[in-house]
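Welcome! Below is a short tour of one protein model, written for someone meeting it for the first time. Please take a look at the sequence and the 3D view, then read on.

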Amino acid sequence: ERGHGPYQPHEPGYGLDQPGYSPYEDEIPDPQTRMLAIKNAKAYLLKTSTKSGLNLYDHFANILTKILDEQPTNTVDIIEDISKDVKWAQFQKKMDTLRDEHLIPPTFQAAVKYKALFIKEGGEEEEEEDLEEEMPSLPNVMETAFYFEQAGIGLNKDESYYIFLALKNLINVQPIQTCRFWGKILGLEMNYIIAEVQLQEVEEDEEIAEEGEEIVEEGEKEDEAEEEDEQKEKEAEPPKSTYKPPPEIPKEANGTGTNKYVYFVCNEPGNPWVKLPPVTPAQIVCARKIKKFFTGRLDAPIVSFPPFPGNEANYLRAQIARISAGTHVSPTGFYQFANEDEEEEEGADTYEENTEFEPPPVAEMVESLSTWAHHVKSILNQGRCIWINPSQKSEENDEDEEEEEEETEEEQEERGPPLLTLISEDEGMRDIPAWTAQPSTHLIPQYSVAILRSNRWPGAYAFASGRKFENIYFGWGHKYSPENHTPELPPPAQAEFPSGPGITETVDPTVEEEMAFKAAQEEALADAEAEEDEEGED
């Protein structure tokens, strides 16, 4: 074939064979502008990738270095493989040992961690026929996850099954009477998986005995401290402070009020379960005034104002009590009081399942909030479910204390809403209702599930389908506030002591005044001696 002749002026390759010709001369006639364009192009090649952290300029330089060093044949055919090898070498671990240290993939680490959940106590040949007889309190977490999944709520199936197995291990270790998956509270470093349980009576008796021993020990220590104080007072009596701290409100007994249930937590399924301590009224009152994110470490300190009386384990327990009291609901009529008189009794917190309960249709439960009721007692401003008079004292106190008691104003008794109160009576936040109810699907209403969402505690949900219902929480453990959180201000600084002539510093005397004072003292001494001499002569 005939080759191509000289390029014509209208053809793209015209003038390339001429010395000093550049096709960009017409566009960039200025050399400074040309250098700027080169710098911009180099800067573009030096852009770092957001995925790998490399840039194209260094990658091309490494490729050319590798090609010139090795000089392979048919380089143009294997340029892609060379590029892959150069990029792979950037991420290869630098080996300085005789044998390569292979990295353990995270999937393998997770498999090793969850492997303990799948091992049975009696070996792999253990039969599963007696599972229900051995663990009647084991909740069906997968069934609950299925219902919440209809509304897009919950965890993935793998994590739900891991939690299911973790609860099974907890029941095998602890003497548990009832168990329930409470929810998951998110943290900055790690999360908390929470189990709500009721221990058997033996365990509760042991706890009461331990508390009694602690009280006895505290009483003995107080007696010893009083004896030491008496001895010190005999030696020297410093001025006593007249300040009397407010009386400490006692916590509610185990199995009642805010301590009705016991809570176990762990960061991930497979980790050991840790039992949370009972909650005190002071911790609940302080938790209402602060807002702190959880870290995932139970021993982490809570730095706040007002100062929180405890660490993160106590703060977590206080938030669990608050969330449970405000968001645990059930269909109206599912629970009833054991006796009709209990409804009128103050502090009645015992109920039983109504065997004659007929569940309303899903459409009715979605339209009317009166079909839902609270089955956990609300927490009073005092930090307890049952009010107690903190000014009550024992009969051994002195009469002076009784007089002071009469002078102080008596606190008014708090009364919260009774148990099994309808959620339609809950107050909203400005224009936001306290609850939002909706069906799981509008396409197939005959198979939908009633879903209830709390707007006061974001992350709290409940579902109802026939006689089945459940409550769960997935969130940060914070209460919704229409306004930004404003910490409580510190108290005003203490006033200075009032100045007076007895404590005011006087002006230093002059030399003449000091001389006159000394002369007056000498005259007084001379007169006193003269009087003594006259009395001696008489």
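## A network of charges

R180, E196 and E470 are joined in a network of salt bridges; a salt bridge here is a side-chain nitrogen of Lys or Arg within 4 Å of a carboxyl oxygen of Asp or Glu. Side chains of opposite charge can pair when their charged atoms come close. This is a predicted model, in which local features need pLDDT of at least 70 and side-chain atom pairs count only at pLDDT 80 or more, while totals for chains, interfaces and linings use all residues. Residues are numbered from 1 along each chain as its sequence is written, and side-chain values use heavy atoms, leaving out hydrogens and water.

Between E196 and R180, the closest N and O atoms are 3.1 Å apart. Helices (H or I, at least four residues) and strands (E, at least two) are DSSP runs, numbered from the N terminus. Both partners, E196 and R180, are buried. Buried means under 20% relative accessible area, exposed over 50%, and partly exposed in between, using a 1.4 Å probe and protein chains only. E196 counts as buried because its relative accessibility is 7%.

## Salt bridges across the chain

In total, the structure holds 9 salt bridges. One of them joins the side chains of E268 and K113, at 2.1 Å from N to O. E268 is partly exposed at 31% relative accessibility, and K113 is partly exposed at 32%.

R297 also forms a salt bridge, with E189, and the closest N and O atoms are 3.1 Å apart. Here the loop between α9 (281-287) and α10 (312-327) holds R297, the loop between β1 and β2 holds E189, and the two are 108 residues apart. R297 is partly exposed, with a relative accessible area of 34%, whereas E189 counts as exposed at 52%.

## The open sheet

In what order do the 8 strands of the open sheet stand? They run β4-β3-β2-β1-β12-β11-β10-β9, with mixed pairing; two strands pair if DSSP finds at least two bridges between them. β4 (274-275) and β9 (435-439) stand at the edges with a single partner strand each, so one side of each has no neighbour in the sheet.

Strand β3 (residues 262-266) pairs with β4 in the antiparallel sense over 2 bridges. F264 stands opposite K275 in β4, and V265 has V274 of β4 as its bridge partner. β2 and β3 also run antiparallel, joined by 5 bridges, with I194 opposite V265.

Is β3 enclosed or open to the outside? 5 of its 5 residues are buried, so β3 is largely enclosed by the rest of the structure. Both of its faces are covered: V262, F264 and C266 are buried on one side, and Y263 and V265 on the other.
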